[in-house]
Amino acid sequence: MAKYVYDFTEGNRNLKDLLGGKGANLAEMTNLGLPVPPGFTITTEACRHYLAEGAVHDGLDREVAEHLEALEGRMGRKLGQADDPLLVSVRSGAKFSMPGMMETVLNIGLNDESVHGLAKQAGGNERFAWDSYRRLIQMFGKTVLGIDGDLFEDALDAVKGRRQDTDLDAGELQRLVETYKGIVREQTGKDFPSDPREQMRLAINAVFDSWNAPRAILYRRQERIPADLGTAVNVMAMVFGNYGDDSGTGVAFTRDPGTGRQGIYGDYLQNAQGEDVVAGIRNTIPLEELERLDKTSYDELVRIMEVLETHYRDLCDIEFTIERGKLWMLQTRVGKRTAAAAFCIATQLVDQGLITLDEAVTRVTGDQLAKLMFPRFDHGAEKKRIAKGMNASPGAAVGKAVFSSERAVELAGQGEDVILVRRETNPDDLAGMIAARGILTSRGGKTSHAAVVARGMGKTCVCGAEELEVSTSERRFTAPGGVVVAEGEVISIDGTTGEVFLGEVPVVASAVVEYFEGAEPADELVRAVDRIMRHADAGRRLGVRANADTPEDAARARRFGAQGIGLCRTEHMFLGERRQLVEDLVLAPTDERRQAALDALEPLQKSDFVGIFQAMEGAPVTIRLIDPPLHEFLPDLTDLSVRIATSETPSDKDRALLAAVKRLHEQNPMLGLRGVRLGLVIPGLFAMQVRAIAHAAKEVPGARPEIMIPLVATVQELESVREEAVRILAEVGVEALVGTMIETPRAALTAGQIAEAAEFFSFGTNDLTQMTWGFSRDDVEAEFFSRYLELGIFGVSPFETLDREGVGRLIEIAVQEGRATRPGLHLGICGEHGGDPDSVHFCHEVGLDYVSCSPFRIPVARLEAGRAALSETDSDTR
């Protein structure tokens with residue numbers, strides 16, 4: 001019989017699939033003997049059943065009742081007991097951290113009777129009891145009953161005016177409770193539920209439901225978290241940080257999540273409950289000040305932080321509450337961190353002997369490395385600083401100030417760069433946070449919602465800029481000195497320093513890019529990147545090449561660590577001034593005119609190849625013969641038709657050109673006369689390119705050309721072109737591999753035959769994806785991809801990350817059948833997927849020899865290739 005509820009004493013950190021991250025870690029801390037309030041976890045399996053069936057499993061209520069009875073026995077009081085109530089919290093906890101995206105309800109068990117028992121329990125502290133009750137109704141009303149949270153906030157603001165919520169007395173809070181109950185009655189037609197068991201049951205169901213809340217779906221899509229995991233639910237005995245000034249709540253990090261530096265980092269808020277810290281309703285104090293307020297609790301917290309970091313061997317994010325001088329641990333998890341912190345922490349832990357260098361490589365990602373390559377502000381540029389806040393998530397962001405999530409999404413959709421400015425963010429702002437270049441808040445600290453979510457997404461963020469008076473209703477903020485910034489005005493924020501600037505500040509290359517360009521590692525971050533990259537390179541099996549079409553791109557690719565060129569697109573060499581020569585070639589009325597055009601193009605092609613061979617210094621260069629559809633080199637049919645129609649005396653040349661363009665016009669050019677078909681239909685075109693390649697290679701000592709024939713669908717096409725290419729290479733006296741691009745499904749399915757004539761395959765995954773799915777990237781991404789993502793049809797665009805089940809299956813077939821025919825067949829990939837981390841891992845798994853990507857993605861591919869090899873080694877040893 002399935003078990004759906006586990007006591008904290010029954011689990012451990014390895015049960016995240018079942019207990020969620022929060023539940024598994026609460027169990028682990030309990031096992032370590034740390035001060036964790038007792039409780040139990042309802043499994044993710046129970047959630048999945050609830051979501052699938054629309055109701056809880058038949059046995060769940062019984063299991064929950066049994067565990068609640070055991071909890072009541074341990075605590076010596078019953079849930080909601082009138083004279084001495086046990087109160088509990090009900091909190092979500094998915095396998096992967098989703099900060100603020102799902103629901104939490106505190107103080108369950110309070111009603112009009114038990115509130116007096118709570119006051120008695122607190123030594124007559126009426127204010128504390130009524131504060132806890134109003135919090136329950138407010139959280140329950142918003143999260144469980146679906147009432148607009150602003151109704152409760154507006155009622156609170158009306159009572160407190162310009163005071164803090166901590167300044168309200170017991171009488172004011174008691175009246176606020178009645179106001180809140182009136183809001184519930186007015187909005188739902190029912191009274192606030194007074195039965196503690198009913199409160200808990202409804203809260204558990206609300207947590208289950210929150211898995212599919214719009215903001216949770218959006219966050220999962222952004223973070224690529226599977227949609228079918230479900231969330232666990234944690235029920236825990238309440239401990240109270242809002243008893244008074246000898247109580248409080250906080251969030252601590254065992255290292256700075258922004259930089260990785262060791263030390264005491266976090267926020268603390270006196271006389272508050274946990275949600276107050278992340279919500280940013282009051283500005284927190286730095287965690288170090290807790291030592292002055294409560295040295296005993298501070299010292300114990302520091303000890304526990306060391307225990308947890310050593311146990312988890314990583315940066316830990318900790319939530320805690322102090323109840324009248326007693327420290328309680330409410331949560332721990334491996335903390336989210338910035339990309340810079342990830343690299344620094346990984347190498348620090350190696351130096352401390354907690355992890356190996358192999359583990360360090362697997363703890364950073366290509367996506368994080370890519371973020372470190374983003375530009376930073378030019379320190380020497382003139383700039384006007386108008387405020388300074390906390391450096392919550394590093395980076396340089398410039399954009400128009402906007403004051404609502406909706407406006408951020410709207411302007412970003414129009415191609416504008418925006419900075420989302422709020423007093424504080426909440427989970428409903430997620431869409432705007434994703435759309436914005438950066439986030440700026442006037443409240444909150446490094447553990448506020450804005451900071452935690454921004455770090456997880458790699459967004460630049462400045463929090464707690466208290467000097468700013470933000471008015472979301474008037475869509476503006478006021479900075480010291482009377483500076484007013486209205487919506488639409490440009491600001492710049494520096495997430496590394498916390499500074500806010502008026503106007504646009506110029507950006508320069510990051511120090512990590514300068515390192516890849518050849519600069520010596522000058523600071524801790526760059527030294528950490530250098531160390532990890534060297535180890536990744538030493539361990540990887542996959543080669544990494546570049547997609548480069550010019551000597552300049554080739555040279556940069558070499559500096560970034562490319563081991564060759566996997567895709568040199570010759571069509572890019574026919575643009576600009578040469579376009580007319582191609583037009584003459586395609587439209588040539590006679591063999592003589594066509595040959596003249598070819599003769600004019602050949603020396604230009606040769607010159608291009610000489611420069612690329614020289615830049616690559618003996619590394620292999622895979623050159624794709626001309627591939628694109630004809631319409632890219634011809635005048636636009638509509639423009640030409642209008643020009644002739646509106647001309648009083650159109651020339652004979654224009655009429656002849658129009659006739660030729662009409663003759664060659666295609667309804668679907670991407671599936672028309674292009675690639676190998678073009679080379680077979682236009683005599684001499686591919687021969688000219690092969691001669692140019694051969695003569696260029698002859699001129700550059702050590703050149704290693706590889707000739708790639710595009711869009712082959714049958715071995716006969718390849719044989720026709722290969723025969724001519726081999727003859728030309730022999731005449732010039734140059735050796736070169738001749739292979740093909742696998743970019744049609746038929747080529748993948750007949751790879752065994754094609755390998756008879758091909759010495760290498762390179763998978764062109766852009767076209768292979770288009771043809772497998774049956775849609776054009778240029779036409780459909782803006783049309784319906786967003787809807788497909790919303791519906792969960794795509795977890796991520798198949799043009800961003802390779803579709804393993806469809807396109808990947810074709811690649812696997814081609815690899816197996818190609819190598820069965822030609823065991824030494826060289827295999828690579830040269831579509832945009834060559835620089836995508838997940839796709840690089842797939843390429844390693846199916847046995848490709850190299851990936852090829854744009855020059856700036858080469859470090860990412862190098863790192864991911866090393867991680868793929870180390871992950872394979874790790875799985876082999878388990």
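Predicted model: local features only at pLDDT ≥ 70, side-chain atom pairs only at ≥ 80, totals over all residues.
Strand 27 and strand 28 (residues 737–742) run parallel and are joined by four bridges. Within this pairing, M708 stands opposite G739 of strand 28.

Strand 26 (residues 620–624) pairs with strand 27 in the parallel sense, over five bridges. One of the residue pairs involved is P620 with R704, the latter lying in strand 27. Strand 27 itself covers residues 704–709, and five of its six residues are buried, so the strand is largely enclosed by the rest of the structure.

Y850 has a relative accessibility of 2%; because residues under 20% are classed as buried, Y850 counts as buried. Leaving out residues up to four places away in sequence, Y850 touches L542, G543, V544 and R545, together with G566, T622, S762, H826, L827, G828 and I829. The C-alpha atom of Y850 is separated by 55 Å from that of S297, a residue 553 positions away along the chain.

A second residue from this part of the chain is H844, which is placed in helix 34 (residues 837–846). With a relative accessibility of 5%, H844 also counts as buried. Apart from neighbours within four places in sequence, H844 is in contact with R541 and L542, and likewise with A868, A869 and E872.

Of its 878 residues, 56% are buried. Where contacts join residues at least 6 apart in sequence, 69% of them link residues at least 24 apart.

The overall dimensions can be considered next. The C-alpha trace spans about 105 × 70 × 55 Å along its principal axes. A compact globule of 878 residues would have a radius of gyration near 29 Å, and the value of 32 Å for the chain therefore agrees with that expectation.

The surface and the charges complete the account. The side chains include 98 positive and 135 negative ones, and the centres of the two sets lie 1 Å apart.

Definitions and conventions
Residues numbered from 1 in each chain as written. Heavy atoms only, no water. Rg over C-alpha atoms; globule rule 2.2 N^0.38 Å. Buried < 20%, exposed > 50% of the residue type's maximum accessible area, 1.4 Å probe, protein only. Contact = heavy atoms within 4.5 Å. Lys, Arg positive; Asp, Glu negative; His and termini not counted. Charge placed at Lys NZ, Arg CZ, Asp CG, Glu CD. Helix = DSSP H or I, 4+ residues; strand = E, 2+ residues; numbered from the N terminus. Pairing = 2+ DSSP bridges.
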